[in-house]
Amino acid sequence: MDREKAIGEKPVIEIENVSFAYDGALALEQVNFTVYERDFLSIVGPNAGGKTTLLKLILGLLQPRQGNIRVFGTSPEKARSRIGYMPQRTTLDPLFPVSVMDVVLMGRLGHGTRLGFYSRVDRLKAREALQRVEMDDFRNRPFSSLSGGQSQRVLIARALAVEPAMLLLDEPTANVDVAVENEFYELLKKLNDTMTIVLVTHDLGFASHYVTHVACVNRKLLAHPTCEISGEMINALYGSQVHMIRHDEIQGREDRHD
Amino acid sequence: MIEFFQDITQQTFLRYALLTGVLASVSCGIIGTYVVTRRITSVAGAIAHSILGGMGIARYCQVICGWEWFHPLIGAVIAALISAFVIALVRLKARQREDTIIGAVWAIGMAIGVLFIFKTPGYSDDLMSYLFGSILMVTPDELWMMAGLDILVVAFGLLFYNKFLAVCFDEEFALLRGLRVDFYHILLLCLTALTVVLLVTVVGIIMVIALLTLPAAAAAPFSRKLWHMMALSTLFTVLFTASGLALSYGPDLPPGATTIVIAGAVYIIVVAASRIRAKVAA
């Protein structure tokens, strides 16, 4: 990343010259960037552009063919315990018989005992996480009965129950309507006061309202994280058929981080 | 049906049969729930069919070699565990080849079983009882063995409930939380293997897969939590095996097949009813 490192800012994710290939097909090529503490980074790009691959590399679920990734100054595997991860909702079985509380408690795994019984503290932390996303009233409801926006909040609560220093979100607003999406980003903005947030989205317009940085991935990292999203950048990413919708807030974003 | 209730007070084999059904139901309800929610029905199917190999070899050793201790149930346990490990290892090393190995284990196990049983006197009776169940011929020794297996499976299945729930619901998240997902997967397959052995006596190799999945699938629409599904599918399995026994006894039908037909009918009714309810609600 080109941005000058401010005094006291700690790098959270450092990615150097990272390349990754699935069975010979190059998915990411020579990617470089750094995410600093309390950044709110949106990774955007077309489908199959390598966004989710990048996320999985950061989580240590995939190993880079080339290059080096450090998270919280250590290996991705060791850093996992400090990351709250929210997967794409579509990867979950929508009919799975599980209560909201049980889903959120999964965020407490790894804190507890070997056999995996949850302690009072675990339940307390899970309730706290549910309260932060305003879903505590739903804790005894089946997860399968929730709307798209509600289940997203619960999955955020599960990530928060980890007590993470960073949130990693994969397409958090896929398949929800605009009102829910705005509400969701307001929630993330609040959470950003205390933690670093990295999210992956194919939806560039809405993310730009709220995030402090944008990284555009289409095999290569086409644009460095920056506050300015230009029409040319979008065209380079998606082709010329995409029209940029301007948000006046984009300009205002500049002051926030410096 | 009336004959069944008249005879059950006098005939020990009927009481043993009923007890076998109840024992198997507890494991079946718990592990069947994991199998259905983790979507490893085909893995369970492969394990079930492969145990014919173990049963065939054990029976051959009993009759030809005179190894009286080598009960077909012991052979079944060994074969089931080997199959579970083979399938689990292939999944860990080469995930995309899992379905191929499932097919291979399924067929190779059966083939070995058929060869050994063919070379053992009493061939067709043994084969029929392995394939279609022998709940009316359970001996006290077998009951004790099954009780042991049952306790083992239920203890592990409940002790690791939260971990299995996490792995079944979202394996990737569980891994990121530091769970040894591969270990729990292998453990779950081993528990599935032991449950399959328990069910083989009740309904036979060919129909095990139905009893493992249909009660759990029928319980799912009524369940808000995973343990609800376990409790309800255990209850269903007890009802299916008991009514299978009762209904087949008078007209002299095979109890295993009767049990499966009842389970299938209930499953279809539940699926149809919840579809209709969803349509009415919408």
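**Note on a predicted two-chain model**

1. K225(B) touches P97(A), V98(A), S99(A) and D102(A), leaving out residues up to four places away in sequence. K225(B) sits in the loop that runs between α11 (208-219) and α12 (226-249) of chain B, and K225(B) counts as partly exposed because 17 other C-beta atoms lie within 10 Å, a number between the 12 or fewer of an exposed residue and the 20 or more of a buried one. Within chain B, K225(B) and L165(B) are 60 residues apart in sequence, yet their C-alpha atoms are 9.9 Å apart in space.

2. Taking the two chains together, 20 residues of chain A are in contact with 23 residues of chain B. The side of chain A that touches chain B is made up, by class, of 14 nonpolar, four polar and two charged residues.

3. For chain A as a whole, the model shows nine helices and nine strands, and 43% of its 258 residues count as buried. If one takes the contacts in chain A between residues at least 6 apart in sequence, 68% of them join residues at least 24 apart.

4. V200(A) and L41(A) are 159 residues apart in sequence, while the distance between their C-alpha atoms is 8.6 Å.

5. L26(A), in strand β2 (residues 25-36) of chain A, is partly exposed, with 14 other C-beta atoms within 10 Å. Apart from its neighbours within four places in sequence, L26(A) is in contact with S19(A), A21(A) and R219(A). L26(A) and G50(A) are separated by 24 residues in sequence and by 9.3 Å in space, taken from C-alpha to C-alpha.

6. Two backbone positions deserve a second look. Most residues other than glycine have a negative phi. E134(A), however, has a positive phi, near 55°, without being a glycine; E134(A) is placed in the loop between α4 (120-132) and α5 (148-161) of chain A, and is partly exposed, with 13 other C-beta atoms within 10 Å. R39(B) likewise is not a glycine and has a positive phi, of about 60°. The place of R39(B) is the loop between α2 (12-38) and α3 of chain B, where R39(B) is exposed, with 10 other C-beta atoms within 10 Å.

7. Helix α6 (residues 123-132) of chain B has D126(B), L127(B), Y130(B) and L131(B) as buried residues. These four lie on the same side of α6(B), because they cover an arc of only 120° around the axis. An α-helix has 3.6 residues a turn, so residues three or four places apart point the same way. S124(B) and D125(B), by contrast, are exposed on the other side of α6(B). The cover over the buried residues of α6(B) includes α3 (41-65) and α5 (98-118) of chain B. After α6(B) comes G133(B), whose phi is positive, near 95°.

8. The largest nonpolar core has 165 residues, and those with the most contacts inside it are I51(B), V197(B) and L211(B). Not counting residues up to four places away in sequence, the residues that I51(B) touches are A76(B), A79(B), A80(B), G109(B), V196(B), V197(B), V200(B) and I205(B).

9. How do helix α10 (residues 181-203) of chain B and α11(B) pack, at what angle and with their axes how far apart? The angle is about 110° and the axes of α10(B) and α11(B) are 8 Å apart, which makes α10(B) roughly perpendicular to α11(B). On the α10(B) side the contact is made by T195(B), V196(B), L199(B), V200(B), V202(B) and V203(B), and on the α11(B) side by V208(B), L211(B) and L212(B). By class, the residues of this contact of α10(B) with α11(B) are eight nonpolar, one polar and no charged.

Key: Residues are numbered from 1 along each chain as its sequence is written. Chains are lettered from A and ligands numbered from 1 in the order in which they are written. This is a predicted model: local features need pLDDT of at least 70, side-chain atom pairs count only at pLDDT 80 or more; totals for chains, interfaces and linings use all residues. Helices (H or I, at least four residues) and strands (E, at least two) are DSSP runs, numbered from the N terminus. The arc is that of the directions from the helix axis to the C-beta atoms. Two residues are in contact if their C-beta atoms, placed from the backbone, lie within 7 Å. Ala, Val, Leu, Ile, Met, Phe, Trp, Tyr, Cys and Pro count as nonpolar, Asp, Glu, Lys and Arg as charged, and the others, Gly among them, as polar. A nonpolar core is a set of buried Ala, Val, Leu, Ile, Met, Phe, Trp, Tyr and Cys residues joined through C-beta atoms within 7 Å. Axes are lines fitted to C-alpha atoms, for helices over the stretch in contact, and angles run from 0 to 180 degrees between N-to-C directions. Angles under 35 degrees count as roughly parallel, over 145 as roughly antiparallel, 65 to 115 as roughly perpendicular and the rest as oblique.
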